[in-house]
Structure formats: structure tokens, C-alpha cells
Amino acid sequence: MTFYDDIYPFYVVQRTAFIFSTRLLTIILVFLVVAVGLLLILPGIRGKSRVLWMFRIIISLFIGAVIVALNFTSDWAEASVTTNATYKSFSNAVINADIGLHVGLYGINVTLKGNPVVQFNETINYNEVFSWHDTMAKVYEDALERGLPNPILYIAEKFTLSSPCGLIFQYRYSGRYASATLWTAFCCWLIANILFSMPVIVYAGYMMLATAAFIFFSMASFSTIMNVPQCVFSIGTASFEAEYSHSFWLALATGVLCTIIGTAVVIFDFLVPEKIKEAFSVGVDSDEDDDVSYGEGYMNSVFIDAVTISPLPTKLPADHI
């Protein structure tokens, strides 16, 4: 137990380790509520269309949720290493810890977790966020004032303007363009869902292909970070470099899925246009009511016999009156 009762002097309150992004949690909850609301209408759909609607809702919402979530994830590129490193400035204390760098479209996360977590009577479990929206020099100065551990300060310094690596320029602009193209892909996804409810199914397929194209554009934009000379991070006796991670490969899988869906819709609309319209419950002709057979009619003879037809009165000429 330290003098500050495990509360670090430069923190207002005891900082807890990162568990789950609140933004991602909000996105997941919103799309889950929409999914539940749409799935509740399935019992009102008759026949085989019920199964098709179920798959349509699940796949469509999955694509939309992934596109939005990819803007806020922090694992487009990652790097990690386990090594011995000095803990704080002006101290000879050496800790064994897992050090991680997580790169997103809007900034980086630097993690530091001790092995074990409690060393030197302190809980070593950090997750620091450095956002591109802020001035990295100012954020780095704040980190120095708070007395963050040396490994975190070392990695954060690599992303400042004064660093010879120049990572801030490529990572920040690549992330901005990647995010912009992802939001464009989300707009294409919205238009595609609207067109799927209209008789113009082929244009919905085209918009799904456009969605896939913009997802691939975002990946290409983020991939430009690999074109610059890679800056090797050396901490203690270990070194590491950032590599593509989960969000990048998830974007690739989502783009491929949109490509398959768009291509299939366009091909089926060309080969069997009536079948594809029937599958999406659109384009039903109003002339179908004319082909309905009502069967043989029944005539009530008793009612007809009871009806008496009286002759119409004849109008007499005026000279007979």
C-alpha cells in the first residue's frame, strides 16, 4: 500500500484499465434493437419469404454495424512485446510487462500491463488514448506532467511532430481518408437497403458493389502507412513493428461479402428477373386479381320464381284522353 493509497498523484481518481469502448457498445446496442424490432415482424410474413426476410435482415444489419464500428475500433494495426523496461523517470526500477500499440482511424492506444500486475506496491495496468483530434505535442506534454510510465511516453513520442519518424503525418491523414470512405460506404449501404424495397433490384445490387468499393478504398487508404519507412519501436532488449490487425481483416471480409451479394443480385436480375423480384417481395403485378377463379356460381331458383316481372305501362296518345 503506497502513501497515496494506490491513487497515483497525477490522477484525480484511481484510473481503471480499459474494458470495452463505450462507442462500440452503443453501436452494438443500437443495431441489436433495430434487429429485434425488424425480426418481430417475421411472424406476419407468410411462406418461404419469412426465411428470406430473416437472412436479409441479419446480413444487412451485420454489414451496417461493421461499417459504423470500424470507424471507432482501435485495432486496425497492432504491435505488442513482452520485455523488461524501466518503469518511471528518475527511477532505477525495472518491471516486466506486456507493452502494446493499437492503431485506429482516430488515434492510438498504448497499453502497459505488468507481469504480475502488482509490482513495487503499484497496480501496473495502463491503457492511454492519444487522439488525432488533439494536438499530439500538447497531449504528450500532459502525459509527461502526469508522470506516465516510460514505455508509454516512448511510444507516444514517436507520434509527435518533432519525432524523426514522422508517423503522425501518415497515420493521421490515412485514418481520416479511411474514415471518410467508410462513411461513404455506409451511405451506399443505406441507399441499397431502400432500393431493395423497390422494383429496381438491379440498382440495389449496384449500390452493394459501390459499398464494397468504398470499403476497399478505406483499406487502401489505411494501407499507405506501410509505404513510409517503418519506425522500429525498441524498448529494453525487444523491438516491434505495427502490423495489420482484426479491424483491417474484418473490413476485407465485409467488402468481399458486399461484393458477393451485389454480384449475385445483378446476375440473377439479368437471368431470372421475376424470380429475384419475387424473392424480395417487390414488383407484384396488379393484374393478378384478374386471373383469380371464383368457381361456379349458384342461382337461387326459389328467389327467381318469387320475382314477378310486370309489363311496363304504355303511354296512351293525347287524342284518346
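The model is predicted. Its largest nonpolar core has 78 residues, while a nonpolar patch on the surface has about 480 Å² of accessible area in total.

**Nonpolar surface patch**
- The patch on the surface is formed by Leu 39, Val 51, Met 54, Phe 55, Ile 58 and Ile 59.
- Helix 2, spanning residues 49-70, supplies the largest share of the patch, namely five residues.
- Leu 39 belongs to helix 1, which covers residues 22-39.
- The relative accessible area of Leu 39 is 30%, so this residue is classed as partly exposed, a class that lies between the 20% limit for buried and the 50% limit for exposed residues.

**Largest nonpolar core**
- Within this core of 78 residues, those with the most contacts inside it are Leu 101, Phe 130, Ile 155, Phe 159 and Phe 222.
- The largest share of the core, eleven residues, is contributed by helix 5 (residues 167-195).
- Leaving aside residues up to four places away in sequence, Phe 222 touches Trp 76, Ala 77, Val 103, Leu 105, Ser 174, Ala 178, Tyr 244 and Phe 248.

- Asp 75 is located in the loop that runs between helix 2 and strand 1 (77-86).
- Asp 75 counts as buried because its relative accessible area is 18%, and the class requires a value under 20%.
- The side chains of Asp 75 and Ser 247 are joined by a polar contact of 2.3 Å.
- With residues up to four places away in sequence not counted, Asp 75 touches Val 103, Ser 245, His 246, Ser 247 and Phe 248.
- Val 103 and Phe 248 are touched by Asp 75 and also by Phe 222.

Note on methods:
Residues are numbered from 1 along each chain as its sequence is written. This is a predicted model: local features need pLDDT of at least 70, side-chain atom pairs count only at pLDDT 80 or more; totals for chains, interfaces and linings use all residues. Side-chain values use heavy atoms; hydrogens and water are left out. Patches are made of residues with over 30% relative accessible area and no salt bridge: like charges are joined within 9 Å, nonpolar side chains (Val, Leu, Ile, Met, Phe, Trp, Tyr) within 5 Å. Accessible areas come from the Shrake-Rupley method with a 1.4 Å probe; for residues, only the protein chains shown count as cover. A salt bridge is a side-chain nitrogen of Lys or Arg within 4 Å of a carboxyl oxygen of Asp or Glu. Helices (H or I, at least four residues) and strands (E, at least two) are DSSP runs, numbered from the N terminus. Buried means under 20% relative accessible area, exposed over 50%, partly exposed in between (1.4 Å probe, protein chains only). A nonpolar core is a set of buried Ala, Val, Leu, Ile, Met, Phe, Trp, Tyr and Cys residues joined through side-chain atoms within 4.5 Å. Contact means heavy atoms within 4.5 Å. A polar contact is a pair of N or O atoms within 3.5 Å; within protein, one must be able to donate a hydrogen and the other to accept it, and residues adjacent in sequence count only if both atoms are side-chain atoms.
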